[in-house]
Amino acid sequence: MIVNNADLTGAISPQEINERFKTPKQLPLEFYQHFLSDATKKREPSASESSFIIDVCDEKLMDLAVRVLLPLENTPGLISLLAGKPNSAMFPFESFSFSVTDPLDSSRSMSLSLTGPDLTEGLQYGPTAGLPRLNDWFIGLQQRVHGRGRAEGWRLTIGNGSQDMIYKTVNVIMNPGEPMLIEAPVYSGALPIFRALHLELVEVATDEEGVRSNDLRSILENWPDNKQKPKLFYTVPYGCNPSGTTATIERRREVLQLAREHNFLILEDDPYYYLYFGKDGRPPSYFTLELETPELGRVIRFDSFSKILSAGMRMGFASGPKQILDAMDVYTGFSNLQGSSLVQAITLALAEKWGYEGFLAHTKAVSEFYREKRDTFQKAMQTHLGELAEWRMPEAGMFFWFKLLINPDPNEEGDSKELIQTKAFENGVLALPGTVFLPNGHKTAYVRAAFSLCTEEQVNEALRRLREVLVRERAEKLQSP
């Protein structure tokens, strides 16, 4: 039951979904009470905006009153004295104009502009979950790419990049000190989020097929009876940063099965989904594969436009169970109110100009660009480190993860930290030692190198310099008693 969505459109047709998947049941809203942190339960708003009017004097809801009631301003005939919005007539911006590449013909450009109501919307406070038209466009994208229908108990919210969404999700679900499952090696940028809550990070090893689901099963089946089981499992399933690994469909199915057996949710952090360039068809996401299971609602998916539109725009969104995303929006209301309306308005103008066909054609061009970058780095690795390192060629993302053979004795594991941080840097090359990607920070001979920016000449020179350092280090170890 493999869904191959690695073609130009990247889309799954409704017919294909109907043929491949039986409609599973949705987990009820009350199911998620177990997964909400104590702090989240204290600030949880009423079930609907209309009932909120009755409950607005509830002390725990007072600070959210304006934010939750904002949608009621759209009631026909209503005169709103509610929000402290600045008058847009005093904003000095009259228009924003920009041009973008035509995704169907890279030799042409397309002109876009923000004016009138679209510009006003982009300059004003907006809904916590994002501009409605952009939110709806993203829902349509998830339907096309991941085959998820609108009536399956999930919704979508927009934030300041996917990392913003992950931070809020973890804070909505986890209490300080609770255990959390996390693949290793793991994206180092996520570790401070987890450590800020003093979570007990339980490492699950990965290999060339992704997370080792047998190890995950062993951890859960041997979990102490008197200890709370983990509520979350965090994974980067395509082109994992740092390892470059893409999890196989078999491993994903096993993880979904374990999620049901041991009652945890899956955080599918997927910034490299559209940077897949493997020879075989791209395996379906957890968000898609959940349709094979008897129930829906255990996957919270995070998408990022940082790698395909702009890193500086900080555009990301989360898709998942309504109860969890509602709680995330409440957290946003307490923290930063909303994602940037202007960034969303720019993104919306681009999305509506390109359409889904144009957007997916652009992502295909992006993945091809990084495939060529990957091939260049792979060739240089073979030239300069062929006998001095071990690696697997990544099928997605922007990174090579390789093990340096630091010690001439193959029975002794080396440690890349000092060699990379000090000696390689002094020789004019900068990379990251593998230990920073290990939740518990133990030593490793692995190194992460990014191939996204360097030219072919720079890649070869960097790896030549690294080879010099490694050869000297091995010679010194041979000479030492």
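Are D207 and R251 buried or exposed? In this predicted model, D207 is buried, and R251 is buried as well. The views below begin with the sheet and return to this pair.

View 1. Eight strands make up an open sheet with mixed pairing. Their order is β4-β12-β11-β9-β8-β5-β6-β7. β4, residues 154-160, and β7, residues 210-211, are the edge strands, and each of them pairs on one side only.

**View 2. Strand β4 beside strand β12.** β4 and β12 (residues 315-321) run antiparallel and are joined by seven bridges. Within this pairing, I158 has F317 of β12 opposite to it. Helix α6, formed by residues 132-146, packs on the sheet here. The helix touches β4, β12 and β11 (299-304), and its direction makes about 120° with that of β4.

**View 3. Helix α10 across the sheet.**

**View 4. The D207–R251 salt bridge.** Strand β6 holds D207 and helix α10 holds R251. Their side chains meet in a salt bridge, with 3.0 Å from N to O. The two residues are 44 residues apart, and the pair links distant parts of the chain. Both D207 and R251 are buried.

**View 5. The E178–K231 salt bridge.** The closest N and O atoms of E178 and K231 are 3.2 Å apart, and the two residues form a salt bridge. E178 sits in the loop between α7 (162-173) and β5 (179-184), while K231 sits in the loop between α9 (213-221) and β8, so the pair ties together parts that are 53 residues apart in sequence. E178 is buried, as is K231.

**View 6. The R148–E152 salt bridge.** R148 and E152 are joined by a salt bridge in which the closest N and O atoms are 2.5 Å apart. Both R148 and E152 are buried.

**View 7. A network of charged side chains.** Salt bridges link R155, K322, D326 and D329 in a network. For the model, the count of salt bridges comes to 34.

How values were computed
Residues numbered from 1 in each chain as written. Predicted model: local features only at pLDDT ≥ 70, side-chain atom pairs only at ≥ 80, totals over all residues. Heavy atoms only, no water. Pairing = 2+ DSSP bridges. Helix = DSSP H or I, 4+ residues; strand = E, 2+ residues; numbered from the N terminus. Contact = heavy atoms within 4.5 Å. Axes fitted to C-alpha atoms, helices over the stretch in contact; angles between N-to-C directions. Salt bridge = Lys/Arg side-chain N within 4 Å of Asp/Glu carboxyl O. Buried < 20%, exposed > 50% of the residue type's maximum accessible area, 1.4 Å probe, protein only.
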